[in-house]
Amino acid sequence: MKTKFKYIMLLGLGLTFFTACQRDLLTPTLQTAVSNTSAFSTVGRIQGQVLSLYAALKNGNFYGGRYVIDGDIKADNFINELSNLVTGADVWNENPTNSATAVLGLWSQAYYTINCCNVFIDGMNAGGTAVVGSTLGANYIAEAQLIRALSYYSLLQYYAQPFANGAGAKPGLPLRLTGIIGTGYSALARSTVTQIYAQIISDLNAAETGLPLSYSTAYNNTTRAHRNTAIALKTRVYLSMQNYASVITEANKIVTATAPFTATSGVANALQANIANVFVSPYTTTESIFSMPMTSTSGDNPGTQNQLGYYFSPSAANGGTGNGEYSLNAAGVIADPLWTATDKRRAFIKTSGGKSWLVKYPTGSPYTDYVPVIRYAEVLLNLAEARVRSTNTIDPQAVALLNAVRNRSDASTTYTVSSFASVAALTAAILEERNIEFLGEGLRNNDLMRLQLTVPAKGSAPAKAATDVGYIWPISASELALNPLCTDN
Amino acid sequence: MLMRTRMMFVAVAILFIGQLFAQTTRTVTGNVTDEKGTPLVGATVTVLGADRKVTATTITDASGKFSVKVSDKSRNLQISYVGLDEQLVSVAGKSSFSVKLAASASNLNEVVVVGYGTQRKKEVTGSASNVKGGDIAEKPNQTFDQALAGRAAGVQITVPSGVLNEPPVFRIRGTNSLSLSSYPLIVIDGVPSFTGDYSSTNSASNALASINPNDIESIDIAKDAAATAIYGSRAANGVVFVTTKRGKLGSGKAKVSYDGWVGWQNAYGLPTMLNAAQYLAFKGQAVANNPSQSAVKFTQTNDAHGNPIDTRWFDYIYQTGISQSHNVNVSGGDDKTNYYFSAGYTSQSGITRKNTFTRTNVLFNIDSKVSKAFTIGGKISYSNELNTAATSSGSLPGEAYNTANLARTGMVLPPLLAPYNNDGTYNINGATIGYANNVSGTSISYYNPVPILNLSRSNTEVNHIQANTYLQYKPVNWLTLKSLYGIDYLLLNNDYFATPITGDGYSTNGSATDNYGQYKTTIWTNTASFDYTFAAKHNVSLLIGNEQQIRNSSGYGLNRQGLSDPAYNVIQAGWVTPNTAGLTLGQNYLLSTFGRLNYNFNRKYYLSGNIRQDEASQLGIKKGVFWGASAGWEITKEKFWTNAGIDKVFSSFKLRGSYGKVGNISGIGDFTPYSTFSSGLYGGAATLGFSSVGNNKLQWETSTKTDFGFSFGILKDRLTGELAYYKNNIDGLILNVAQAPSTGLPSNPPQNVGSMYNKGVEVSLNANIVESKNFSWTSNFNATFNTNMVTALAPGLSVIQTSTSSLETANQTAPGYSLGYLWVVRTGGVDPTTGKRIFLNSAGTPVYYQYYAAAGQYNYSTTADGLTKYVSPTGGTSITQAADAVMYKPTQPKAYGGWNNTFRFRNFEVNALFTYQFGNYIYYGTNSGLHDQRFWNNATDVLTQAWASKGDQNKTYARPVFGDNVSNGSALPIDINVFKGDFVKFKNLQISYNIPKSLLTKAKISNARLYISAQNLAIFTKYPGPDPEVASNGNSTTGQGIDRNTGANGRTYTVGVNIGF
């Protein structure tokens, strides 16, 4: 009896030993993320991925913040107040090292964005298009191509010599067009500037074909790429390449021949009557061809020390909403006597604590003002400049375009052909107009460099001539350490 | 057929062995006492038959008496008691016994805990150390691991700061991983515990804090493959078995004891800062030396009483922390059931204001013999811990460069500034301290610590439940089946609030983050163990088992910003933004089978083998088999040894060796095999973006461990010792191998790529130096000499740089060096003529540096006059860390250990523990800040050690030039801030007095003891910082040896009493 009991006990324990395993737990199910193998399995996931490409572009290191900020602080209109290397003191001082926060951050975020586009395009071609249908599939791929092109273009502006220096023969960037999801792809040499620009144009041309003409909401027309976005960006890219004929060709697609200048196909892009309306909620006027939307939800705004308002607006003690990182250079564009006191754009300047500050982005923490990527005003001035440079005359349309931008903010000034004594005077006026119009929008440094102009000294920061070391940034130290084929600037 | 019949017969025969022996029986009785004649309660009496077969066992009762049945086949009674020498007496012709057990001269007879069981220490052939619970009790520690420093060979404990409840750096035989955890596996009463800091606030929360050190019976530390392989894929860093106290069977009446202490703690080794007058003069000179900064002005103002402001910031940050602790326990047992119950309360205040640790805990252990064959038992332990801090102390990993960092604030802020304005309000200017009255021409970006200390908080509350229950079935003497089910639930509430009036919370008008996290382990272990002796001399024991462990983690929380009313300070109040915080969800599963076979022949030759198969859900290749084998030879049992007379000197001498392969998966993410896309937002719409690169081929790190050595006892074990050589080859180190950023991967994919080794020698000696009636001196010394070497990293990855708080990188790990090597730029002193800092570039060429370069001069020049522009070998024009830093000094110590002494004189006992470490270097980054020439306050040595006038020879610091943050090492790490970390620390001194029994009996107290103790009483070191143990990067494997803006360590004095009823 006792023996039998013991056997039963032993058997019972033995059985529980080997039957209670939960082997299915060895292959856990992802509950908070989606495996790469099923990321293209539904329409919703693919749509989510399209938006993630914009989100990558919107990152605080890129168009959500620092890319735009650096475009201003590297140039001549701002004075660094806090000497903080984390907030670009070295960018301002024209001496960032290979391992500077700015140099590392932009490089890696832009390439992350590029790779996401590549992975997306590959995935769409491998089956994603079949899931969403060919029309949507083509739209989505075009959006990815546009974002990829914009990313490459943005990298070129800091890490490569301007196209004008050697007509694009200088080292450009590692050109990556295939999605990478694993190890072993680090080594890749830099293509030339020309080769990168060729890819950018090719992508933008494809995007122009593939993108929808417009979306159903003003919000989407500003925050997602449509056909006019691709065209508008091409005017910027060709201007950087000094291919003025192409700037004109592209701009003419979306700019009428005479004032009022508007886009007649696709989204009805046009200047707003009052520039102030462009920078206030809902930020989705037809002037904002492409902007980065922000909300107060964490992760949906630029994040700590990346926000334009945080850099440019003075601290609360000085009546602002920012950290007072950069004040306006008293000797910069604000000193221009032709920028009249009644110009509405002067309203973006606040004087306090004996200094002037840019308050174009006035919303405080968590800084939800949309960041402009490209505005219609730029297309007009791109066209104006291209016309002057390609005709080498005081081009009446160029004057009209310039006047459209100036006159809407400064009713007291009306430019006519007779306002300009020479072609050079008109060119200078267009450049100065850009300087005023796009203050704090990240274009200033690119404007100087595409023309190989010296970046003027400001405060204690030295001037940088096109021939100086440091005119362009060094290559990311991480890239140099891990990509044996990459060379430094 | 025949075979099967025979097997059956054997099986049946074995099952009936118990009955077979129960033939003609008689009862023998006896009593067991210690040397002094005190009855021993709960001593084990085992009846042994031929071939040492166990035929019956019993234990002595409350008066030390026993009664047991013996048969005519019984040969001996084996009487044993923990800590005393075992005795074997013949039963032949005797029916009454009086046995006196002598105190064991050594610990070789002790029982030690091994995986899934216990073993006699002298039968252990693996490498293990044991620490008694008594050695770590009564100390002002928060966790037992802090108290292990210096107490066991091979074990290195570094307490990285004075922040209460920060986990120590715990290493066994060196650091054995690069990216995974190097913290050993901690197994508490059979259940693997959580380890590390689980807090997400600025207060630390060691997961081991739930174990009241006073409840610990013993700690056994398994080091080599033989001792650890039974824990397979988690064994590479060693395994620490913690056994809590249990009642003793047969002890009768409940024993009650109380232990309590009060203590106070102070920071030591703080730097001496310039006072206001010195600051004015020195900084004034620095400004005068920099024509470009002539706008900078410092002004002395008066306080409300009309006295010049001269603030010693440390006085507002550090404090004398008062602590107390109370523990009560009740234990006892009859002949069937034993129990232990304890309750503890401790409330401790740290050296930094608002830093506290409060723990309330209870523990209940019970074991009950339900019948002859069944035993059931279990444990339940609950602990509530509250860890508080106001803000960043600067000492926890990641805090070094926090603007709020209190330690840093205390050093940086000028003494000219006051914490309060003269009207009594806080002296603030937005987020920062107000400075307009005293400093102009430069801005001060640091916070006034006083309002933050008063108004902000960063607390973590932990509820920790650890429980298990087991059923043991012993159908026959040689077979034990056991099933154990255990849980470990760690539940945390993090509560962070930053005041809106200044500091971190200013820009967001206040900020609060509260989150709840829970970490749950459940484990079910089933084992069968066979213990059998045959043919008199062959002892075999076999253990087989299976185990499954599930760990779940989840967390959620809120981050809110923008207070709607300035009086609010809780997250539930009105705020503007609601963001999520601390969202986590994870699960992992470990399914294992394991076995151990021990064999010894005549207790002379020992063989042991361990094997474990683990399947881990976190890996791509899930299944791994781990093993360890060892052998031992007790030479004293050999005839030639006795013939040669060596046994007269050596009472024991055992050679042993082991070899095996174990793994490490500690700290690996739950979902590493997967590449994932995760959700985000774009203007409020959901996105799905490429977020993480996985590796579906990932497997555990492999440790191949070799160990051999010997242990010995001399003069009847009055001196015992062990010497061991070990080598641990680690292959397949998991590294998150960075790919070129242009590949655009969102994360660095984990790969099994690197390799490294640790090898060394460890020695431990225990001696009863003096043993007399009134005076005794016992001493324990241990030393470990370790060599660490990284032999390979990933292809294309030549170095791993480890930054401190993501800002400064002074550690670099590279093949051919020990891990975490200091990587700094060399200097060549200060030029006596000009006072310029001389750097050495990569080629060793001197480069003169001046922060301010007059027109026509250069910042970096190859000539002292600054007129020759420096051009580096690669074309650069400045000294940079990337181009010019060199692999400078190791951070891994060459030797470490401890020396523990106990003196008894009549009723007094003095215990003194020294710990030491040699051969490592520390990058004292704080030192650069102490000599920074921005507005920062400086250490007083600038008055004598900074270059002041032409001809000043051998100065440490350059000519002060306002703004200069390069010459001193703030901008790039330089060699003048690297110091030797050698130290000898008087870690513990305890003096206790046992109140004589004669005084106690009237008070119905059975024993009472008073003690005073001191912790960190003295440090003998040349290290100039507060304490060479203080470190910035916590348990980081590759970031050791950095002391950057950390707070000081604490010196604690306690007075306590211990009473038994």
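Visitor: In this predicted model, is Trp478(B) buried or exposed?
Guide: Buried means under 20% relative accessible area. Trp478(B) has 16% relative accessibility, so Trp478(B) counts as buried.

Visitor: And how does Tyr532(B) count?
Guide: Exposed needs over 50%, and partly exposed lies between that and the buried range. Tyr532(B) comes out at 27% relative accessibility, so the residue counts as partly exposed.

Visitor: How many aromatic pairs are there over all chains?
Guide: The search covers the whole structure. The total over all chains is 68.

Visitor: What kind of pair do Tyr54(A) and Tyr682(B) form?
Guide: Their ring centres are 5.3 Å apart. Planes under 30 degrees apart count as stacked. Here the planes stand at 25 degrees, so the pair is stacked.

Visitor: Are Tyr54(A) and Tyr682(B) buried or exposed?
Guide: The cut-off for buried is under 20%. Both Tyr54(A) and Tyr682(B) are buried.

Visitor: What kind of pair do Trp478(B) and Tyr532(B) make?
Guide: The ring centres lie 6.2 Å apart. Planes over 60 degrees apart count as edge-to-face. These are at 80 degrees, so the pair is edge-to-face.

Visitor: How many residues apart in sequence are the parts tied together by Trp478(B) and Tyr532(B)?
Guide: Trp478(B) lies in the loop between β26 and β27 of chain B. Tyr532(B) lies in strand β28 of chain B. The parts are 54 residues apart.

Terms used
Residues numbered from 1 in each chain as written. Chains lettered and ligands numbered in written order. Predicted model: local features only at pLDDT ≥ 70, side-chain atom pairs only at ≥ 80, totals over all residues. Heavy atoms only, no water. Phe/Tyr/Trp six-rings, centres within 6.5 Å; stacked < 30°, edge-to-face > 60°. Buried < 20%, exposed > 50% of the residue type's maximum accessible area, 1.4 Å probe, protein only. Helix = DSSP H or I, 4+ residues; strand = E, 2+ residues; numbered from the N terminus.
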